[in-house]
Amino acid sequence: MAGLGGKQMGLTGQNIRNQLDLIVAGMTGLHNDGRFDEPNLDGTAGDYISFESWEWPQGVGLYGLVRLWLFTGRDDLKTLIEDWYTARIAAGLPALNVNTTAPMLALSVLWKETRDPRWKKPLDDWADQVMSQMSRTEEGAFEHHVSDKVNDHELWDDTLYMVALFLASYGQASDRRELVDEAARQFLVHSRYLADTKSGLWFHGWTFRGRHNFAQARWARGNAWITAGMLDLFDLADMPKPVKDFLMGVLVAQVNALLPLQTASGAWRTLLDDPSSYEEISATAGIGYGLLKGYRIGLGTPEWRKAGLKAVKAVLNNIDETGTVLNVSYGTRMGHDLQFYKDIPIQPTGYGQALSILCLSEALQHVEAGEQAA
């Protein structure tokens, strides 16, 4: 189903603002319809769709909202975010794992801006748990344990976005340097095992049990977590110069590999280097966001901006009249063959909405700056 796309509307500031309003409404209106039955390890029902649930898609969603609030200064967004955290914390937070850490990123950014004392203790307590209790692999990387599955000895791209960015953000904001240093360590160790030295792209995962990259899948959303995550890392915290220089080299190698793989529509495929796999919009939005942000903060080239704006058009062309972002692949476990990734179903999700919010919010700054200059 085609959305109210960029081709019809054009990339204007007002059109992007209108679509952002729709996407926010689409995200906050998401509810689990029972299509996916994914019980947690503790026997409770897993909900990776409904906006009210404390899980990783909602965590990425809140980060998209808090970034949009910072971009626009809208009080209604701030109230929405604060009310969400107030209700969830009052209800009781879930057990620690990689994915339940994701909502702490937006809360750390909110606290940095407001210094509201309500958020300090939950943030400190969670950061302390991550540092002292989160399971680790060889070389000190966080194992990708999640609410419904224990992934012993495994590294996943997703962990950096769900955990390391929170540590970087809150560590910088609270002057807890040990948290920033841990975030740097996680990016370095994950880079060692997940960045493909041949292509420059990233593999989805690595296991120390057998020491291999599973299906060697160069999975699009995993790569989007890296493109977006690297730029957010540099933005959220001060990295030691050797660390930043090293990671910037890894990022440039990845982007150099991504640019030729962008399709004519502006999207990237769910398996980046497999022409038979479908175009996937959450990854497209995440990569587009990273490319545009990288150019804006002086780390990227004009080619980054050109590809990023092309990705924005693809995102706009996949928003329906209700604000739902279409052609988003559902949460993806570790695949042991490439067909697994091509068979992941399409499902509207909080992270699809959120990554699109990040992408369009970043695009707004580029487009409106151009309009003002004109």
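**Why these words? A chat about the structure**

Me: Arg-211 sits in the loop between strand E2 (205-207) and H9. Why is Arg-211 called partly exposed?

Reply: This is a predicted model, in which local features need pLDDT of at least 70, side-chain atom pairs count only at pLDDT 80 or more, and totals for chains, interfaces and linings use all residues. Residues are numbered from 1 along each chain as its sequence is written, and side-chain values use heavy atoms, with hydrogens and water left out. Arg-211 has a relative accessible area of 43%, so it is partly exposed. Its phi is also positive, at about 50°, although Arg-211 is not a glycine. As for the labels, helices (H or I, at least four residues) and strands (E, at least two) are DSSP runs, numbered from the N terminus.

Me: What makes Glu-139 partly exposed?

Reply: Its relative accessible area is 35%, and that value makes Glu-139 partly exposed. You will find Glu-139 in the loop between helix H6 (120-133) and strand E1 (154-156). Glu-139 is not a glycine either, yet it has a positive phi of about 65°.

Me: How do you know whether Thr-270 is buried or exposed?

Reply: Thr-270 has 1% relative accessibility and therefore counts as buried. Its place is in the loop between strand E3 (268-269) and strand E4 (279-280). Beyond its neighbours within four places in sequence, Thr-270 is in contact (heavy atoms within 4.5 Å) with residues including Arg-218, Trp-219, Tyr-278 and Tyr-341.

Me: And which class does Asp-21 fall into?

Reply: Asp-21 counts as partly exposed, because its relative accessibility is 39%. This aspartate lies in helix H2 (residues 13-28). Asp-21 and Ile-357 are 336 residues apart in sequence, but their C-alpha atoms are 9.3 Å apart in space.

Me: What makes H3 mostly covered?

Reply: Of the 17 residues in H3, 14 are buried. Helix H3 (residues 56-72) reaches 24 Å from its first C-alpha to its last, close to the 24 Å expected at 1.5 Å a residue; that expected span is 1.5 Å times one less than the number of residues. Just after H3 comes Gly-73, with a positive phi of about 70°.

Me: How do you know how H7 and H9 run relative to each other?

Reply: Helix H7 (residues 158-174) packs with helix H9 (residues 220-236) at an angle of about 5°, and their axes are 10 Å apart. That makes H7 roughly parallel to H9, since angles under 35 degrees count as roughly parallel, over 145 as roughly antiparallel, 65 to 115 as roughly perpendicular and the rest as oblique. The residues making the contact include Leu-165 and Gln-172 of H7 and Trp-225 and Asp-232 of H9. By class, this contact has 10 nonpolar, 3 polar and 2 charged residues.

Me: Why are H5 and H7 called roughly parallel?

Reply: Helix H5 (residues 103-114) and H7 pack at an angle of about 15°, with their axes 8 Å apart. H5 and H7 are therefore roughly parallel to each other. Among the residues that meet are Met-104, Trp-111 and Lys-112 in H5, and Phe-166, Tyr-170 and Ser-174 in H7. This contact has 9 nonpolar, 3 polar and 1 charged residues by class.

Technical notes
Axes fitted to C-alpha atoms, helices over the stretch in contact; angles between N-to-C directions. Nonpolar A, V, L, I, M, F, W, Y, C, P; charged D, E, K, R; others polar. Buried < 20%, exposed > 50% of the residue type's maximum accessible area, 1.4 Å probe, protein only.
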